Amino acid sequence: MATLVGGIASSHTPTIGFALDTHKQKDPVWAPIFEGYKPVQRWLEQKQPDVLFFIYNDHVTSFFFDHYSHFALGVGERYPVADEGGGPRKLPPVDGHPGLARHIAAALCADEFDLSYFQAKGLDHGCFSPLSLLWPHEQRWPGAIVPLQVGVLEFPIPTARRCFKLGHSLRRAILSYPQDLKVAIVATGGLSHQVHGERAGFNNTPWDMEFLELLEKDPEQLTRFTIAEYAERGGFEGSEVIMWLIMRGALSKKVRKLHQAYYLPSMTPIATVIYEDDSDEPFEESAEHYRERIAHEWTGIEKLSGTYPFTLDRSVKAYRLNDFLHRLVEPAHRQRFLAAPEELYEEFALTSEERDMLRRRDWRALIQYGVIFFLLEKLGAVLGTTNLHIYAAMRGQSLEDFQKTRNAKVLYSVAAQDGGEQWAKPG
């Protein structure tokens with residue numbers, strides 16, 4: 001079973017990464033930043049967590065407002081450093097842990113938290129600025145992360161209470177994961193700061209100290225503040241500290257504080273804390289029963305023959321191929337696909353199996369492999385094949401035999417045109 005070794009909170013200002021990358025360890029202005037992280041580094045070295053559940057917010061780098069979610073869970077195998085305008089920092093990509101991410105997703109959904117999922121996205125300074133001072137990384141990182149991107153930039157945003165409750169569910173999810181893993185929870189952001197408007201440069205150290213005291217001893221009180229009150233006390237962007245309540249909600253009611261540091265060099269206080277559980281609060285249900293409960297909604301779906309639910313594990317496995325097919329909505333990509341498919345297969349590093357399925361137009365094999373149907377119909381539209389041809393092929397039937405099972409013998413496609421006689425050709 002997985003164990004929860006403790007919680008860390010850290011600011012995520014780009015100042016942290018800048019100080020590291022420019023070797024400011026001995027500069028008196030910057031040295032306190034590094035001193036504040038040394039106890040956290042030692043704690044992580046001692047605890048040796050396999051996975052960091054990493055709570056952060058993106059800064060309009062990989063997540064834009066064409067699709068912006070309250071809680072976006074990273075489920076992928078690897079996360080590169082995002083380019084924020086001047087090129088990515090020279091850090092290695094960090095591994096994800098898809099297995100733990102899938103389990104957490106199932107648990108949070110069962111507790112009625114609405115999630116979106118992401119993979120293959122770069123992570124910006126919200127993650128890598130603190131991570132680069134938490135873990136050594138000369139060649140690779142010593143463990144994996146499961147990132148949770150919290151949408152705190154576009155209002156309305158989650159409430160403090162919602163974040164705290166998510167932490168409660170997160171605790172149960174981690175502690176019921178059947179694999180032997182050591183997990184630490186890292187929350188980032190804050191403390192008091194504002195970076196826009198005439199109020200830019202606002203800080204409030206007394207509020208920061210009050211927040212840290214309440215976070216340790218009475219986090220419930222922090223859930224009673226509105227976002228407006230957080231913004232008034234800690235600056236507009238400082239209201240992102242609600243993310244720390246996810247970490248705190250995942251720990252026991254009573255915690256032991258092992259470390260706290262605070263330094264305000266310029267725009268944003270750089271703070272670090274370490275908490276460990278200090279009270280025993282057994283769950284009412286066993287881990288086995290809990291796992292059965294969170295899987296209840298789809299228990300039995302595996303008995304449906306010829307049915308392939310697009311689960312997170314299938315999504316991760318077939319991400320490269322689904323991404324390739326999704327890009328067929330881009331005119332330049334589909335033109336290249338039709339003109340020189342082999343070059344495109346190589347560019348996207350498709351496996352030999354994936355290339356073979358595409359060459360043979362093996363619709364059934366593609367769906368069984370993990371391609372979602374709605375990308376198959378896009379491929380069909382590009383190739384001049386109707387949905388009906390694809391349905392028939394997946395069933396192992398000719399179009400004629402399949403049409404005998406329909407009330408009307410029609411042909412259609414998601415292409416923006418009628419294929420006419422072209423559609424009568426075999427798919």
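Q: How many disulfides does the structure hold?
A: It holds 0 disulfides.

Q: Is Cys 163 buried or exposed?
A: Cys 163 is buried, at a relative accessible area of 0%. Cys 109 is partly exposed, at 35%. Buried is under 20% relative accessible area, exposed is over 50%, and partly exposed lies in between, using a 1.4 Å probe and protein chains only.

Q: Thanks! What kind of model is this?
A: It is a predicted model, where local features need pLDDT of at least 70, side-chain atom pairs count only at pLDDT 80 or more, and totals for chains, interfaces and linings use all residues. Residues are numbered from 1 along each chain as its sequence is written, and side-chain values use heavy atoms, leaving out hydrogens and water.

Q: New topic: at what angle do α17 and α18 cross?
A: Roughly 125 degrees, with the axes of α17 (residues 373–383) and α18 (residues 387–394) coming within 9 Å. Helices are DSSP runs of H or I with at least four residues, numbered from the N terminus. Axes are lines fitted to C-alpha atoms over the stretch in contact, with angles from 0 to 180 degrees between N-to-C directions.

Q: Which residues meet there?
A: Phe 373, Leu 376, Glu 377 and Gly 380 in α17 meet Asn 387, Ile 390, Tyr 391 and Met 394 in α18. Contact means heavy atoms within 4.5 Å.

Key:
Helix = DSSP H or I, 4+ residues; strand = E, 2+ residues; numbered from the N terminus. Disulfide = S-S within 2.5 Å.
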